[in-house]
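Hi,

Here is the structure I said I would pass on. Have a look at it first, and then read on for what turned up.

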Amino acid sequence: MNQVPLFSSAGELANMVVTSNLTDVAWAKILELQRGQSALPFSVQPMVYDPTPNEPNHTIVVFAPSPDSTQYTLSQGGDLVPYPKFDFLCTKGCPSVSNNRAALTPFTPLYDHLSGLKDELNKREGQLIITGQSLGGSIASLFTLFLLSSMDKESKCRPICITFGSPLIGNFGLQHSHWNSFFLHLVSDKDPLSTLFLPSGRSAPTSSHSQATAYKPFGTYLLCSELGCACFDDPDFIFKFLTVASSEVAGGLQVVVDYGEILRNLKYRAICKGPRLVGERLTDPFSAGIVMELKTIGIDPAKHNIDIRRMEKQASDLTRKINKASEAKKLNDRKINMVWLERYKKKAEDGKKD
């Protein structure tokens with residue numbers, strides 16, 4: 001019997017992520033590259049960090065455009081435009097995919113260089129981390145999609161893209177990608193860059209409301225506030241969170257959020273947990289878990305008109321799909337075992353005849 005999940009794990013999943021070393025390693029390399037960029041104000045060349053004795057299994061690719069380059073490029077607007085090099089994302093259900101012009105502007109001149117880098121990385125083994133902050137994270141996401149399109153199932157180097165406060169990079173077509181699990185996006189509710197092209201009155205002048213609402217998130221989002229963090233992969237809710245943050249956050253392109261400090265605070269909170277209050281009494285533990293996680297990231301379900309029942313139904317439907325797939329696999333395994341048993345019995349009978 002398929003059962004509805006009794007609790008939500010968004011908060012626990014987020015704690016697991018922040019207490020791992022992947023996000024810390026990625027952020028440390030971003031800072032290392034940024035410190036050496038003063039002489040190259042408009043450089044967007046990726047830096048490849050080979051495995052070291054301390055990190056023997058990690059190859060890290062960092063995209064860290066300088067602050068001047070980031071502010072100039074993002075200020076040009078966030079129009080969604082088609083890019084033929086990403087036609088591999090098109091499907092029958094979504095025949096066209098558009099990407100953020102601000103991210104494509106620095107990505108396009110790098111295409112030939114990134115093609116060579118892609119071929120080199122495909123030959124490596126171990127964990128590959130592709131990362132960047134703000135505009136650098138957008139470029140990192142595009143490069144990861146480009147890299148995944150050329151990888152086969154036998155590849156020994158599977159990438160994970162970790163971004164920090166990056167704007168959305170595309171429309172609905174990206175959600176159809178079967179590579180969503182390769183992307184982790186850290187977003188603070190105080191980061192204006194991550195919500196730059198959403199309808200809030202802060203969008204660049206060339207971004208129309210229809211263009212802004214066409215943006216869609218993809219991948220897993222680790223959403224952070226002063227109270228804690230939670231992981232979500234529901235694109236509708238993520239878009240709602242970003243829209244709320246966009247209307248409430250103060251600042252402009254000059255604001256730079258210190259995700260290193262955020263990670264340290266979240267790691268402390270994950271280890272030294274305090275009381276988590278729902279505020280209202282809920283008899284359903286699953287609903288209570290969702291409400292607590294929403295309040296942890298600064299979202300009040302009543303104030304921001306969040307449909308808790310829809311989120312429950314989505315989780316329930318996902319659980320049923322997983323259970324159904326699990327039962328189908330068990331049935332298929334039994335059929336395979338029966339075939340092998342019949343073959344064994346036939347060979348045994350043939351042996352007796354001889």
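A question to start with: is Asp50 buried, partly exposed or exposed? Asp50 is partly exposed, with a relative accessible area of 45%. Keep in mind that this is a predicted model.

I picked Asp50 because it turns up in several places, starting with the salt bridges. The count there is six. In one of them Asp50 pairs with Arg124, and their closest N and O atoms are 2.7 Å apart. Asp50 sits in the loop between strand 1 (47-49) and strand 2 (58-63), while Arg124 is in the loop between helix 5 (111-121) and strand 5 (127-133), so this pair ties together parts that are 74 residues apart in sequence.

Two other pairs are worth a look:

- Arg264 and Glu261 meet through their side chains at 2.9 Å, N to O. Both lie in helix 9 (residues 259-271), three residues apart, which is about one turn of the helix. Glu261 is partly exposed, at 36% relative accessible area.
- Lys190 bridges to Asp189, with 3.4 Å between the closest N and O atoms. Lys190 is partly exposed at 43%, whereas Asp189 counts as buried at 15%.

Now for the cavities. There are two of 30 Å³ or more. The largest holds about 80 Å³ of space, and the residues lining it include Gly137, Ser141, His185, Lys216, Phe218 and Tyr221. By class, that lining has six nonpolar, five polar and one charged residues.

Asp50 comes back in the second largest cavity, where it is among the lining residues together with Lys29, Tyr49, Pro51, Thr52, Glu55, His58 and Ile60. This cavity has about 40 Å³ of space, and its lining divides into three nonpolar, two polar and three charged residues.

One last thing, about the backbone. Most residues other than glycine have a negative phi. Ser134 is not a glycine, yet its phi is positive, at about 50°. You will find Ser134 in the loop between strand 5 and helix 6 (135-148), and it counts as buried, with 8% relative accessibility.

Cheers

Key:
Residues are numbered from 1 along each chain as its sequence is written. This is a predicted model: local features need pLDDT of at least 70, side-chain atom pairs count only at pLDDT 80 or more; totals for chains, interfaces and linings use all residues. Side-chain values use heavy atoms; hydrogens and water are left out. A salt bridge is a side-chain nitrogen of Lys or Arg within 4 Å of a carboxyl oxygen of Asp or Glu. Helices (H or I, at least four residues) and strands (E, at least two) are DSSP runs, numbered from the N terminus. Buried means under 20% relative accessible area, exposed over 50%, partly exposed in between (1.4 Å probe, protein chains only). On a 1 Å grid over the protein atoms alone, a cavity is a set of points where a 1.4 Å probe fits but cannot get out, and a pocket is an open set with protein on both sides within 12 Å along at least five of seven lines; lining residues have an atom within 4 Å of a point. Grid points are joined across faces, edges and corners, and a volume is the space filled by probe spheres set on the points. Ala, Val, Leu, Ile, Met, Phe, Trp, Tyr, Cys and Pro count as nonpolar, Asp, Glu, Lys and Arg as charged, and the others, Gly among them, as polar.
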